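Please keep the sequence and the model in view.

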Amino acid sequence: MWLNQFLFFAAVLFSIGVYGVLTRKNAVLVLMSIELILNSVNINLVAFGAYNQDIAGQVFALFIIAVAAAEVGVGLAIVLLIYRNRRSIDVSEADLLKG
Amino acid sequence: MLAAEAAPTFEVSSWFFENAWLVPALPAASFLITLLFGKRLLGDKVHFIGLAAVGAALVLSLATAFSWISQVEGHDPEAAAHSVEYSNDNCYAGYQGAKDDSDGEDADHDDDASAPVSLAFAAEGEGGEEGEEVHAKPLPVVCAYTWFQSGGSAGEGGATIPWGTLVDGQSVMMLVVVTFISFLVHVFSTDYVAGDRRYTHYFAFLSLFTASMLFYVLASSTLQMLVGWELVGVCSFALIGHWWEDKNNSDAALKAFLTNRVGDIGLLIGVIILFFAAGNTFDTLTINHAAVTGAIGHGTLTVASLCLLAAVMSKSGQFILHTWLPDAMAGPTPVSALIHAATMVVAGIYLIGRLYPVFWDGLSIPGSSLNVLAVMGGITCLGGGALAFVQRDIKKVLAYSTISQLGYMAMALGVGAWTAGMFHLFTHAIFKACLFLGAGSVSHACHHSFDMKADMGGLRKYMPKTFVTFVIASGALAGIPPLAGFWSKDEILVGTGGWPGTEGNGNYTIILVMGLLTAAMTAAYMTRVIWLTFFGTYRGHVHPHESGPRITIPLQILAGLAVVVGFLNVPKQLPLIGDAIGLKFEEWFEPGGGSTFPVIGHAKPSFSLAIFATLLALGSATLVWTYYKRLYAQDNKATEYTDSFVANNGFVRAGHTLLVEKFYLDHLYTGVIAGAFKGPLARATYWFNQHVLDGVIDNVGKGSVGLGRFIYRFIDQGTIDGAVNASGVAASGSGQVLRRVESGKIRQYAALMFGASALLAAVFIVAI
């Protein structure tokens with residue numbers, strides 16, 4: 001089995017995710033980019049799991065999917081509240097924690 | 001001298017002993033079905049689930065008892081000892097160290113069952129039993145399973161959390177009592193609480209209670225007993241507060257629950273102490289074995305049994321933790337009959353019987369033969385009996401009577417009359433259930449009032465069946481021969497060994513006097529109840545009527561049994577029948593085999609004591625009878641003399657007030673103990689604080705101020721402040737630089753984080 005293809009694919013996906021998190025202003029898109037990052041990790045886990053003939057990789061991937069769902073739930077709730085307060089979901093404008 | 005050596009033993013087996021877990025499982029299933037599906041399936045016929053389950057449990061219990069009794073009866077004393085095969089691998093007979101102990105623990109108290117067990121108290125006993133033949137005793141049948149194992153086996157310091165069943169004479173007897181009374185109470189309740197707003201809930205909890213009590217009775221380990229103990233407490237709480245909309249009822253439920261919590265802590269601590277003392281085990285037989293053989297020291301046993309005694313005091317209503325029991329009468333009457341008379345309140349007595357070696361050795365006061373248990377029981381039976389005189393509420397009289405009789409049982413166990421105590425438990429369950437159900441029947445007729453003085457009187461014309469059964473049960477309670485209570489009470493009195501020629505385990509004359517006084521008081525207050533309820537003129541405002549068959553038939557069954565069950569344990573010396581049926585209860589149910597039970601002696605019955613006690617009871621009953629008879633002749637609606645001795649004599653008046661105020665124990669608990677923390681104690685603490693502590697602190701303060709000035713001037717200002725200021729300036733400067741990083745822009749943070757991660761990853765790759 002070829003492991004490299006999966007790892008390369010996951011690395012590309014991860015980089016796209018990171019790029020999205022760093023450059024996008026729209027909070028929803030930032031969240032989506034985070035999902036990309038998480039899923040690239042999932043691909044790694046499943047790939048290694050299959051490579052090593054070990055179920056643990058898939059178990060962890062499932063676990064991460066569940067946690068990611070919860071994380072999106074919280075994230076979207078935050079976004080919604082930001083929108084209600086400021087009528088905008090531009091993350092660069094939300095900088096009240098400035099030192 | 002006592003029987004010098006432990007009785008020989010034999011093993012018994014039966015399908016019922018190995019599958020005893022079915023008995024509590026049936027009502028437990030009934031609880032779930034009733035609660036979850038009952039209303040939808042059966043509507044207002046929901047009681048059939050409980051009736052069927054408890055009925056089946058009753059049949060199983062009776063089958064278990066019959067197979068136990070037939071095997072005990074059928075045992076051939078000449079036969080060579082043989083061991084019985086059990087079809088279930090987890091079952092075994094008697095104490096078997098190897099089965100539930102590890103090797104390491106066995107070394108601590110390796111026993112040899114054939115060796116005579118010498119016991120500290122065996123030497124103390126003075127009664128003679130030289131001629132008594134030693135019966136072979138059946139070994140208990142234990143089926144133990146491991147629920148889970150924690151930290152290796154017992155020898156390695158780990159603990160096994162077990163569950164299992166222990167079938168022996170005591171649990172077999174109790175199984176029958178619990179299922180039988182529970183079944184009759186179920187039948188009674190179908191009429192008594194018919195149309196109740198929480199009918200389903202009521203029957204669900206009756207089932208849960210029955211299951212919990214059976215679980216407790218069959219428990220093979222102290223941990224399991226603790227669980228059962230708490231479960232019956234919860235059911236008691238739920239059923240006392242069944243009509244919780246009335247604040248009095250929910251208060252009573254809370255009081256019962258909280259008072260029991262006090263004792264439960266004792267039980268928990270006792271169980272923990274015994275767990276470690278017996279070598280990391282919860283197994284009841286192992287603990288008993290360790291206590292009998294002396295593997296646990298007297299001091300440890302004393303502490304453990306005192307903790308357990310707190311539990312007994314709260315659950316079995318012993319002075320001074322009995323105060324919840326009369327209030328618990330706020331619950332529905334069938335509940336009072338089942339829980340607060342026949343079964344749950346005897347859980348404490350059962351605990352003593354179950355862990356008898358622990359209590360017997362632990363509570364014996366060194367230097368004398370008086371057992372703490374006997375003293376506690378004696379005080380309780382006198383106090384409870386006295387309080388029963390001043391109650392207006394028929395159920396409260398019965399509640400105090402229950403307290404008094406529980407005291408009797410504790411007293412019997414305390415003086416070493418195990419069988420007498422358990423026999424009294426057995427007979428008391430039957431006649432007291434009959435009395436409570438009778439009180440329920442009366443109140444059913446009198447528009448749900450329990451006030452004897454205001455709403456009753458002359459009821460014997462209206463409800464003859466209730467009247468007859470109530471009188472029979474009262475006679476049994478008062479100890480009138482040949483009713484059940486006479487035999488069991490007499491055995492306890494004999495067991496004290498105080499009467500000449502009885503030769504019990506000791507010579508407890510004071511306890512005997514307490515017992516006789518209580519017997520007299522019991523007869524007197526029951527006569528008062530019967531007069532106020534059934535004789536004289538009817539004083540209520542509704543039209544009383546006899547209750548329906550579902551109420552009267554259980555009463556008649558119980559009253560019939562109250563006549564006959566006493567003959568289960570008549571003395572051998574009784575003419576005509578003694579030889580054939582004497583002491584059967586003792587033969588069937590008394591434990592003794594397998595070095596898990598102390599060697600106790602049996603007192604010799606005394607005809608003179610029996611006659612004396614009976615005359616005492618009859619005399620005091622006649623006295624009360626005459627009092628009311630004369631009163632009635634004066635005024636046919638009066639319930640007490642208002643202008644005579646009690647009213648005018650200051651001393652008697654004071655005694656009466658003391659009883660009405662229940663020895664001021666409730667005031668002690670809520671007013672003094674709880675109040676002390678709110679008021680006086682707080683003030684005392686404040687005074688102490690102001691005058692003592694503050695003075696000390698003031699002087700210390702003045703000294704400190706002087707010292708402080710010195711330090712301030714020379715050390716602080718010069719050296720430390722310099723350093724502090726310098727560090728402050730440095731922190732402020734670096735903060736100014738770093739705050740630029742803290743931009744509040746989330747993408748900048750993310751970039752920093754990813755950058756740092758990448759850097760870290762690079763470091764790892766290079767380094768590894």
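A residue is buried if 20 or more other C-beta atoms lie within 10 Å of its own, exposed if 12 or fewer, and partly exposed in between, with C-beta atoms placed from the backbone. This is a predicted model, where local features need pLDDT of at least 70, side-chain atom pairs count only at pLDDT 80 or more, and totals for chains, interfaces and linings use all residues. Residues are numbered from 1 along each chain as its sequence is written, while chains are lettered from A and ligands numbered from 1 in the order in which they are written.

Q: What percentage of the residues of chain A count as buried?
A: Chain A has 99 residues. Its C-alpha trace spans about 50 × 25 × 25 Å along the principal axes. The share of its residues that count as buried is 13%.

Q: What is the radius of gyration of chain A?
A: The radius is taken over C-alpha atoms, and the globule rule is 2.2 Å times the number of residues to the power 0.38. A compact globule of 99 residues would come near 13 Å. Chain A has 16 Å.

Q: Which pattern does chain A follow along the sequence?
A: Helices (H or I, at least four residues) and strands (E, at least two) are DSSP runs, numbered from the N terminus. Chain A has three helices and zero strands. Its pattern is α-α-α.

Q: Is Arg87(A) buried or exposed?
A: Arg87(A) sits in the segment after α3 (56–86) of chain A. Its phi is positive, about 55°, although it is not a glycine. It has 7 C-beta neighbours inside 10 Å, so Arg87(A) counts as exposed.

Q: Is Asn280(B) buried or exposed?
A: Asn280(B) lies in the loop between α10 (247–277) and α11 of chain B. It is not a glycine, yet its phi is positive, about 55°. With 22 C-beta neighbours inside 10 Å, Asn280(B) counts as buried.

Q: How many residues of helix α11 of chain B are buried?
A: This helix covers residues 284–293. Among its buried residues are Leu285(B), Ile287(B) and His289(B). The helix is largely enclosed by the rest of the structure, because the buried count is 10 of the 10.

Q: How are α7(B) and α8(B) oriented to each other?
A: Axes are lines fitted to C-alpha atoms, for helices over the stretch in contact, and angles run from 0 to 180 degrees between N-to-C directions. The axes of α7 (residues 169–192) and α8 (residues 199–218) of chain B come within 9 Å and cross at roughly 175°. Angles under 35 degrees count as roughly parallel, over 145 as roughly antiparallel, 65 to 115 as roughly perpendicular and the rest as oblique. Therefore α7(B) and α8(B) are roughly antiparallel.

Q: Which residues touch the most other members of the largest nonpolar core?
A: Such a core is a set of buried Ala, Val, Leu, Ile, Met, Phe, Trp, Tyr and Cys residues joined through C-beta atoms within 7 Å. The largest one has 220 residues. Its largest share, 17 residues, comes from helix α19 (residues 418–445) of chain B. The residues that touch the most other members are Ala433(B), Cys434(B) and Ala562(B).

Q: Which two residues does a cis peptide bond join?
A: Look in the loop between α21 (464–478) and α22 (484–495) of chain B, the place of Pro482(B). Omega is about 5° at the cis bond. The bond joins Pro481(B) and Pro482(B).
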